[in-house]
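Let's walk through this one piece by piece. Have the sequence and the 3D view open as you read.

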Amino acid sequence: MKFKHYILSFLAVAATALAQAKSIELLNVSYDPTRELYVNYNKAFAAHWKTQTGDDVIIKQSHGGSGKQARGVIDGLQADVVTLALAADVDALYANAKLIPQDWQKRLPENSTPYTSTIVFVVRKGNPKGIKDWDDLIKPGVSVITPNPKTSGGARWNYLAAWAYAKHKQGGDEGGKAFVTALYKNVPVLDSGARGSTTTFVQRGIGDVAISWENEAFLVLKEFGADQYEIVVPSLSILAEPPVSIVDKVVKKKGTEAVAKAYLEYLYSDEGQDIAGRNFYRPRNPTIAAKYDNVFPKLELVTIDAEFGGWTKAQKTHFADGGVFDQIYQK
Amino acid sequence: MSFVRAQRSVLPGFGLSLGFTLTYLSLIVLIPLSAAFIKTAGMSWADFMTAVASPRVMASYRLSFFASLAAGLVNSFFGLIVAWVLVRYSFPGKRVVDALVDLPFALPTAVAGIALTAIYSKNGWVGQYLEPHGIKIAFTEIGVFMALTFIGLPFVVRTLQPVLSELEPEIEEASATLGANRWQTITRVILPELLPPLITGFALSFARALGEYGSVVFISGNMPMRTEITPLLIITKLEQYDYHGATAIAVVMLVASFSMLLVINLLQKWSRRYYQV
């Protein structure tokens, strides 16, 4: 590994000397589970950019809880691009610091989300509690692991997916509220982030079922063994759209606007989409997505815009202080 | 603890060193803390009250305060015994035990939290024997208390040790030759000397526990109204970009901690005055 790095850096230096190429540095501020995705993607993009322009581009990555990362950028972290877990966190860059225009989400195709994911269940091998759909999670005696929606972006998707299911099956927002209230009664631990929840479920052996990002669920199977865990796909879930955006103020200052834009646009290319698929994110491009048909199960997916009127509204109704989530616990 | 003396000191350099002290304290402590006050100054009183007195926040004050208090008290009792043993007796492996006491200082608090959770959760070394008897530690208030006790221990031991080693065994012998029985020697001779450092140790351990975040969030389970500590709620508010709400809670914590430390310092001064020879 080290040796490979030496060769790579030597090649990079040699290439710079020969071609007199510019060397550009980008910072991609992202959320926790995208680590592996962007390690692969950055290599591909650097190669692509090299053949296109002859310039070298080095992309640095920063990972952490989505909200925390957004706050870092607001407080002055010089991110050229952000690739966060939910649109509300990118919206915050506009709302709190005017780092990007209000209509940022219209600038790239598909709501600025080049790949999507969804929310599924992870259960222990053999599915001892017979979990098949959301209804099984509110049965007495079933212990459910999900992080705290106040601190975790992934947890908010989990909550909204449960709500959307109940809204469809039992009718209306009243059904939704009753359902999530019952659901959180079965939750013994609210970790502060998605990775923490995975640890609680896998390492501490707590809970019968963990509600999780689909890509995180695949990672659990990959890391901890498909002989110990199973993925259960509910009949209905939410289309999680982790959006991307350039940070206008930063790229203008650093003069990296062109390369930052290209970096995000290349995510939509065939190669970018394929890398997303390989890392368990659902590609947007139907042709590439077809390649991964056997990986990603089919299920009914609802969008946050249609069900909840967008992130800003959902955030305010459900997760702000005194919102529905707080009411569940304050009764 | 030293006190400002009324008379002029015989040592030169008072003005210079005091000036330096004040500048340093301002730069390192006061300026960052005053930022919290300035930030909250922009809030209306009603906003401030909803931020700091909602039921969920109140529940977290209760947990943070009582768990820290309990941890401080337990540490004072057992810390005294540990310090006594380390100073008064010599035994093989004493240096190792002495070094062990400092571990909670040195360990990153997140590591401590994860380790404690791993041990006390239902499939952990200890937890697996306790859970069948209905005793749950991880993800309950007891877990919070355990974590706070863990991080607070060295404060008590390290404050008591120098005072104990100053306290010569001859004093006890003198007390005995003057006719005191063992109980009287302990309560009338030894404890009065140890009370001031014990109070300091308690205060340090208590204050540390109030602000502790890293180790607690892993073991507490973070259930709203039950096992959320106040520092977690500050982080929660920050997650929602509610900078004002977060600093408002911080200000409450600051004022509460500062007044408690002040009271404890006064108490310590009072205890010293009573027993000072």
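A quick word on terms: the domain bounds used here come from an automatic or database domain assignment. By that assignment, chain A is split into domain 1 (2–113 + 241–291) and domain 2 (117–240 + 299–330). The C-alpha centres of these two domains of chain A are 28 Å apart.

Before going on, some bookkeeping. This is a predicted model, where local features need pLDDT of at least 70 and side-chain atom pairs count only at pLDDT 80 or more, while totals for chains, interfaces and linings use all residues. Residues are numbered from 1 along each chain as its sequence is written, and chains are lettered from A and ligands numbered from 1 in the order in which they are written.

So where do the two domains touch? Counting residues as in contact if their C-beta atoms, placed from the backbone, lie within 7 Å, domain 1 of chain A puts in 18 residues and domain 2 of chain A puts in 19. On the domain 1 side, helix 3 (66–74) and helix 4 (87–97) of chain A each give at least two residues; helices here are DSSP runs (H or I, at least four residues), numbered from the N terminus. Helix 4 of chain A has the largest share, with four residues. By class, that side of domain 1 of chain A has nine nonpolar, four polar and five charged residues. Here Ala, Val, Leu, Ile, Met, Phe, Trp, Tyr, Cys and Pro count as nonpolar, Asp, Glu, Lys and Arg as charged, and the others, Gly among them, as polar.

Now for the chain-to-chain contact: chain B brings 21 residues and chain A brings 20. On the chain B side, helix 3 (55–88) and helix 11 (230–239) of chain B are the elements giving two or more residues. Helix 11 of chain B supplies the largest share, four residues.

Key. Contact = placed C-beta atoms within 7 Å.
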